[in-house]
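Please look over the sequence and the structure shown below.

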Amino acid sequence: MRIHVVKIGGSVISDKSKPFSIDYAKLEAIAEAIGECIDRGCIDKLVLVHGGGGFGHYVVQEFGSVESSEAFLRVVEVMREMNSKVVEVLRLAGLKAFGIDTHAIAYMRRGKLFLDTATISAALRMGLIPVLYGDAVLDVVDEVFRIASGDELAWELAYAFRAERLVFVTRVPGVLRRGEVVRKFSLSRDLQSMDEVAVRGHDVTGGMRTKLVKGIGRIAGVGSVYIVGHNPRVIKQALCSEPEIGTQVVE
């Protein structure tokens, strides 16, 4: 299977400073752009991941951590709610979106993420688009609750399925250096020279630097990796060819 993985930033489709709000206009525009790419034949199989935005991040911030069972269960509850809203918009745009609870197929062992990909693989073979999300998960060795960020999940899925393309849709146009978009960014050479983008509202999983670090050890198994903004035209370019503005991430 030729697989694309797309991670939609939670801060793109929701406002981290306004709890439990979805930016439907942006989400609909992204859904339509993805649908056009599928219709054009650019995408064979697709896995979508979205971040926690003003849902999961807000809850963890309110509790101070995800260490308690109360915090864990609340994160699971609100992220399932967010996923349901995202899937509904995708379905209305004509996409065969199938929401999968991340906490049901993902777990950690001493902080390292593992996935049971059987359900995702079957869904892809059956013509569906699995939609997962950043979530709270169990660490089955340490027996604690942890956060599996949408970024880490996207990298792990792309690595596990040897994705042809991994695209991160963010609220900034790419990786920045001295305020300018970097066209090509090397994980092994450029991490110390990038700008860190200020985070608006609630964020508990880190910013652009953390997004990139999660690719170390995983990028070798992925075809092309792009970080782009949420302009629908640029998203379509990133999925089908090469974006006019954005960052290609390499080893």
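## Aromatic rings

Rings of Phe, Tyr and Trp (for Trp, its six-membered ring) pair if their centres lie within 6.5 Å, and planes under 30 degrees apart count as stacked, over 60 as edge-to-face and the rest as tilted. This is a predicted model, in which local features need pLDDT of at least 70 and side-chain atom pairs count only at pLDDT 80 or more, while totals for chains, interfaces and linings use all residues. Residues are numbered from 1 along each chain as its sequence is written, and side-chain values use heavy atoms, with hydrogens and water left out.

Five aromatic pairs are found in a search of the whole structure. In one of them, the ring centres of Phe 20 and Phe 55 are 5.7 Å apart and the planes stand at 70°, so this pair is edge-to-face. Phe 20 sits in the loop between helix H1 (10-13) and H2, whereas Phe 55 belongs to helix H3 (residues 53-63), so that the pair links parts of the chain 35 residues apart; helices (H or I, at least four residues) and strands (E, at least two) are DSSP runs, numbered from the N terminus. Phe 20 is partly exposed at 32% relative accessibility, but Phe 55 is buried at 0%, where buried means under 20% relative accessible area, exposed over 50% and partly exposed in between (1.4 Å probe, protein chains only). The rings of Phe 20 and Tyr 58 are also edge-to-face, because their centres are 5.4 Å apart and their planes at 85°. Phe 20, Phe 55 and Tyr 58 form one aromatic cluster.

## Cysteines

A disulfide is a pair of cysteine sulfur atoms within 2.5 Å, and by this rule the count comes to one. The bond joins Cys 42 to Cys 240, with an S to S distance of 2.1 Å, and the torsion about it is about 110°, so the disulfide is right-handed. Because Cys 42 lies in the loop between helix H2 (24-39) and strand S2 (45-50) and Cys 240 in helix H9 (residues 232-240), the pair ties together parts that are 198 residues apart in sequence.

Cys 42 counts as buried at 17% relative accessibility, while Cys 240, at 22%, counts as partly exposed. The sulfur of Cys 37 has its closest cysteine sulfur in Cys 240, at 3.6 Å, which is too far for a bond.

Helix H4 has 24 residues and spans 35 Å from its first C-alpha to its last, close to the 34 Å expected at 1.5 Å a residue, the expected span being 1.5 Å times one less than the number of residues. After H4 comes Gly 94, whose phi is positive, near 95°.

Asn 83 lies in H4 (residues 69-92) and is buried, with a relative accessible area of 5%. Its side chain makes a polar contact of 3.1 Å with that of His 50; such a contact is a pair of N or O atoms within 3.5 Å, and within protein one must be able to donate a hydrogen and the other to accept it, with residues adjacent in sequence counting only if both atoms are side-chain atoms.

## Nonpolar cores

A nonpolar core is a set of buried Ala, Val, Leu, Ile, Met, Phe, Trp, Tyr and Cys residues joined through side-chain atoms within 4.5 Å. The largest has 43 residues, and those with the most contacts inside it include Ile 30, Leu 48 and Leu 90. H4 provides the largest share of this core, ten residues. Apart from it lies another core, of 38 residues, among them Val 49 and Met 208.
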